[in-house]
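Q: Hi! Could you walk me through a few side-chain details in this one?

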Amino acid sequence: VRFVLSPFDPCPVSTTGPLEHASRTNAVVALETAYKYQFVDEAGHVAHEYALPTNPDIQNCGAYVDKLIKYRDPKLFEHFKRKGVNAASLKATEFPILDTRSPELDLLLFQLIQTVRHSSTRLRLLDHGCSVAEHIDLLDVMMTSVTGERIFNVVDYHGLDFSMQLLLAARFLHSDYPKSSFSLTQAEGSDLNFADDAFDFCLSVGVINQVAEPVKALKSLLRATSRAVVMAIWVTDKDRGFWAVNHARRSYYFFSFADLAEAAKSKTNGAFHVVRFIPETQSSQQKMAIGIGSALTQSMGCYHLVFTSMSQLPFEAGKLVLE
Amino acid sequence: MMTKRSTPLSWCVGTFVYQRGSSTPLHFTPLKPFLLESALDLSLVLGLKACADAGLSLNDVSIDLANWMSRLRIEDVGRLIREILEADDSISSVIEIYSGCGILAEYLRYVQVLHKEPRSNFVAVDSPDFELHFSTFHGAAVFCHDTDLASLNQRAAIAVLNHNTSVRRSQMPSLHWSDALNFIKSPAIVSMRVALDSAGTSKTSVHGCTVSLPVDADVRSFLMAENPNWQFCLYPDDDSSLFLPSDGETGWLLGASVGRPFSFQSLDAVRRR
C-alpha cells in the first residue's frame, strides 16, 4: 500500500470559539488532552492514530534542551564570527533555530548589554521563566563571537522557573558555569520578592502571560529592573484583558493596554518601547489558546517590548503610547 | 503482477483537546517536530541522569518517562548487556549502532550507578546529526559516524544493534540495517523491528517514512550462521501502530549471543512476559 499523505486541521477554528462563552461565566469545563498522530480517510473517518505521552513538561523540557544544544553548535559560533551578531545573521537558512522568537529577544538583550557593559561593574540579569537557561547559551555565543569574552565574565545570571525538572536540566547543562555567576530559583512567576533595581536587565519570553498574577508580576519585574526589561508579551486590543487556557493546559492571560498602563505606573521612570508586533493570525504557533474563535484571535498578538528609561536604544523601537 | 494500492490519507499531529467524556475534539493545536519524539528522548536522558545522581528510580519520578523508555525497549536491552558484562569480565565496552542521543548509554550509567557496578565504556554509532546531542550528555564516550562503522574494532566489546529505535525516526538513517547486521559479531545483542513474513517488509511509519523491515526468519538464519549460539525471543509488536495499517504483521525481535552456549535469564524473562 502506498499512502499519499496531506496535512489537515481536524478542528478548524470557528468565528466564535467553543470556550469563549464559558470564559465569561462561572462555568467549569473539564478538559482532556491527548498528543497524537491522526490519519483520516477520504470519507472523513479516523483511519489510524498513534498516541504519544501527554505531558507538556516532558515535551517542553526536551524541546528547550534541543534548542540549547543547537546554540552550542561550533558552526553557530563561526557563523556569528563571519556574519556578525545582528538581525540579518539571525535569518541564516542553515540555522533555522535562529529564525524564531526567542533569539530575536536575546539579540535585543545582547545589544543592550553591549551598550552599557563598558562600566566596570558586572551586570545582573534575571531570566524570568528560564526553562533550561538556554538564553544564556545564545548570549554566550553572541558575546564570545564578538568580544572573545564568556558571558559569565560580564553577567551574573539568575534564572527563575516553576518547574524543578527544567531547573535540574539547567543545572546539569551549565555545570561548567561558575556558581557565583549562575544561580537558579524555583518559584511561581508572580512570586517575585526582589528589591527595587535588584537587576540591570530582565528577560521574559511569553512567561508573563502564564503566571498566576500577571499584572502584579509585570509590575514586580519593572520595579526589580534598573536598566531594561526585554519581553515577549501577548496582548489583546480589547478594553479588558482575559484569561484562556493554552494547549499545554496552562492558564494564559492576554493583557490589555490598560494593564500595561497600570504596570508602567509602578515605575517612576521608563516607558514601553515596541520593537515588533506579530498578529496572532501570523504566529508560528497557531491556535495556541484553546477554544478561542477567529474573531477574538484577530484582537490578539505578540509584542516584543522593552521597558526602559534609557534615552537611546541600540535598535529601532517606537514608544508605546498608553492612555 | 502485484500493484501498489494508493491510499490518500489526511494527516496531523498535535494536541487534541476534548471536553471530558466526549470523543469530538474541541480544539487542536499542531505540534512542531521538536516537541515530539526527539523531545521525549532528550527528556528521558535528562530524567535518567537526574535519577542516577539522586539515587532514585525513574518509575518513582516520572511514569511518563518510564513508559516511554519501555516503548523503546531500552531496559530489555540493558538487562542483556549487564548479564553479558557479568558473565565475561574481559568485556569492558558497549558499541551501540543507532544510538541517537544516547538513551541506552544513559540507562547503563543509571543502573550501574544505582547498583554500584563498574562503569562500562561506550561507543555510539550513528549519523553525525546526533553527535552534538550525544556529546552534550556523554562527554567521555566516543561517537563514531555511521559511515566509519567498518573501521571500528569490536574487540572486548558487546555490539548492540538497536534497530528498534531507528525505525521511529522522522528520517530514515543512512546506515542500512543489513550493513549493521554484517558488522556485528558475538558477543552481541539485536533489538529489531521485524516483519513476520515477506508480505510485511515495507511499511509506512506515522512520520510518513517508508520503512524496510527485515524478515524475522532471515535475521535469525543470518545470525545463526555467524554463530550457532544466538538465542532469540520474538515478542508481539505492541507498538505496531507506529506503522500505518497494511498487509503483514510485525514483531519485536530480541536476540543475544556470547559466542558460546549460555542461558540468558533476561531473555527468558522477556519470553515469560
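A: Happy to; we can go through one aspartate and then some rings.
A: This is a predicted model, where local features need pLDDT of at least 70, side-chain atom pairs count only at pLDDT 80 or more, and totals for chains, interfaces and linings use all residues. Residues are numbered from 1 along each chain as its sequence is written, chains are lettered from A and ligands numbered from 1 in the order in which they are written, and side-chain values use heavy atoms, without hydrogens and water.

Q: Is B:D239 buried or exposed?
A: B:D239 is buried, with a relative accessible area of 5% (buried means under 20%, exposed over 50%, partly exposed in between, with a 1.4 Å probe and protein chains only).

Q: Which residues is B:D239 in contact with?
A: Beyond its neighbours within four places in sequence, B:D239 is in contact with A:Y50, B:R71, B:R168 and B:R193 (contact means heavy atoms within 4.5 Å).

Q: Switching to rings: how are A:Y157 and A:F182 arranged?
A: Their ring centres are 5.2 Å apart and their planes at 10°, so the pair is stacked. Rings of Phe, Tyr and Trp (its six-membered ring) pair if their centres lie within 6.5 Å; planes under 30 degrees apart count as stacked, over 60 as edge-to-face and the rest as tilted.

Q: And what about A:F277 and A:Y303?
A: That pair is tilted, because the planes are at 35°, with the ring centres 4.4 Å apart. A:F277 is partly exposed at 36% relative accessibility, while A:Y303 is buried at 13%.
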